[in-house]
Amino acid sequence: MALEFLYSQPVKIRFGCGSRHALGEVLSSLGAQRCLVVCDRFLRPAVEQMQHKIPAIAAIFSDVEENPQLIGVTASVGLIREHDVQAVVGIGGGSTMDTAKFAAAIASESDDPLPYFRGERHFPAVRLPMIAMPTTAGTGSEVTQVSVMSNGKEKKTINNPVFMPAVAIVDPELTLTVPPRTTMNTGLDAMAHALEGYWSRNHQPVSDLCAIEAVRLVLENLESAYRDGSNLAARENMSLAALLGGLSFALPKTAGSHACSYPLSEDYHLPHGEACAFTLDSFVRINADERLERLCRRVGLSGTEELAARIKALKQLGGLRMTLSDLGEVDLDQLARDAAAHPLMRNNPVEMDEAACRRMFAALQ
Ligand SMILES: [Zn+2]
């Protein structure tokens, strides 16, 4: 079959240690005299410090939770309107960037995110430019059009071009203080993005190259970043891995491990990265084929078995939950049903129905 694909990557990426200091310049380049910064409460003092140097920071919303709720979007839109800002900056992990994306997307039209979340209303054509500054190395949210939001217990991944950031400022120094466990969780999320983008049914050559390099960088640097958070070279390589991981799945989308992560997060409260890693080595074995063998050889591994073993070893090192008994009391039928029914499972190269998902989870005793 003749090769055919469409590649597009509209985010301007500014990568490098100290690049956070360019925020004022980036805001000016977007014509924004005032901006709202969305962050979590731990980052608030640092953002207040930034305000002295960057007076364009007109307002700060710092109540973003781990699984961000729509209420944070409503509050952010309130601040956008009150301070008449022209840009929104999300500084933090995926939760923060996703809240900032949603608020920037609807602020011109409404302060009620619910109809958009439910798909009852189209997103407005006019949106505020959004600047993404990740402080963890994993989600890749800085280069994707994805926003993961919750309304109470209902969690949704919304994929829409309105969420694409205008600029990503990736400063590895911002990740130096990330604790080891989060370093491991988010690093394995980056690995999952790369592998799933690579084996997704919609994979394509440009994304494939990003994926191969992201896998190599995670294999060579995650353990060092976990053991010594102050290792700037390892942090820099992990920030690059996360960015390339984001580019790997931005178009092809993720697959089986991310599909399984939803029930694992919602019902068993695993953080996103840990939830994706839970089945990642299983899917390496399930999806093993000539293409995946080729990736393994390109990153210096003997094959898919070694890749699965390396992922498992990283999980063990980080003390991540790996077996069903680690999850407490498990409703295996429900877990298999929810995983198989998730739309991302259709992206997995090997078909995984409920029985196949059940077999996979049952093997994780
Ligand atoms: Zn992810």
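A: R118 is found in the loop that runs between α5 (114-117) and β5 (130-134). Please keep in mind that the model is a predicted one. R118 is exposed, because its C-beta has 11 other C-beta atoms within 10 Å, and residues with 12 or fewer fall in that class.

The chain is divided into domain 1 (12-174) and domain 2 (178-362), and the C-alpha centres of the two domains lie 26 Å apart. Where they meet, 18 residues of domain 1 are in contact with 23 residues of domain 2. The domain 1 side of that contact is made up, by class, of eight nonpolar, seven polar and three charged residues.

The largest nonpolar core has 112 residues, and C35, V88, V89 and A103 are the ones that touch the most other members. Domain 1 and domain 2 both give residues to this core, so it lies between them. In soluble globular proteins, nonpolar side chains tend to be buried together.

Now turn to a pair of helices. α10 (residues 272-286) packs against α12 (residues 304-318) at an angle of about 170 degrees, and their axes are 8 Å apart. That angle makes α10 roughly antiparallel to α12. On the α10 side the contact is formed by A277, L280, D281, V284 and R285, while α12 brings T304, L307, A308, I311, K312 and K315. Sorted by class, this contact holds six nonpolar, one polar and four charged residues.

L280, in helix α10, deserves a moment of its own. Its 27 C-beta neighbours inside 10 Å are why L280 counts as buried. Apart from residues up to four places away in sequence, L280 touches L188, M191, A192, L195, S257 and I311. E223, by comparison, is 57 residues from L280 in sequence and 17 Å from it in space, C-alpha to C-alpha.

Most residues other than glycine have a negative phi, and most peptide bonds are trans. K253, however, has a positive phi near 70 degrees, and H269 has a positive phi near 60 degrees. K253 belongs to the loop between α8 (232-250) and α9 (256-268), whereas H269 belongs to the loop between α9 and α10. K253 counts as buried because it has 22 C-beta neighbours inside 10 Å. H269 counts as partly exposed because it has 13 C-beta neighbours inside 10 Å.

To finish, find R298 in helix α11 (residues 290-298). Its 13 C-beta neighbours inside 10 Å are why R298 counts as partly exposed. The C-alpha of R298 is separated from that of R216 by 8.3 Å, and the two residues are 82 apart along the chain.

Technical notes
Residues are numbered from 1 along each chain as its sequence is written. This is a predicted model: local features need pLDDT of at least 70, side-chain atom pairs count only at pLDDT 80 or more; totals for chains, interfaces and linings use all residues. A nonpolar core is a set of buried Ala, Val, Leu, Ile, Met, Phe, Trp, Tyr and Cys residues joined through C-beta atoms within 7 Å. A residue is buried if 20 or more other C-beta atoms lie within 10 Å of its own, exposed if 12 or fewer, and partly exposed in between; C-beta atoms are placed from the backbone. Domain bounds come from an automatic or database domain assignment. Axes are lines fitted to C-alpha atoms, for helices over the stretch in contact, and angles run from 0 to 180 degrees between N-to-C directions. Helices (H or I, at least four residues) and strands (E, at least two) are DSSP runs, numbered from the N terminus. Angles under 35 degrees count as roughly parallel, over 145 as roughly antiparallel, 65 to 115 as roughly perpendicular and the rest as oblique. Two residues are in contact if their C-beta atoms, placed from the backbone, lie within 7 Å. Ala, Val, Leu, Ile, Met, Phe, Trp, Tyr, Cys and Pro count as nonpolar, Asp, Glu, Lys and Arg as charged, and the others, Gly among them, as polar.
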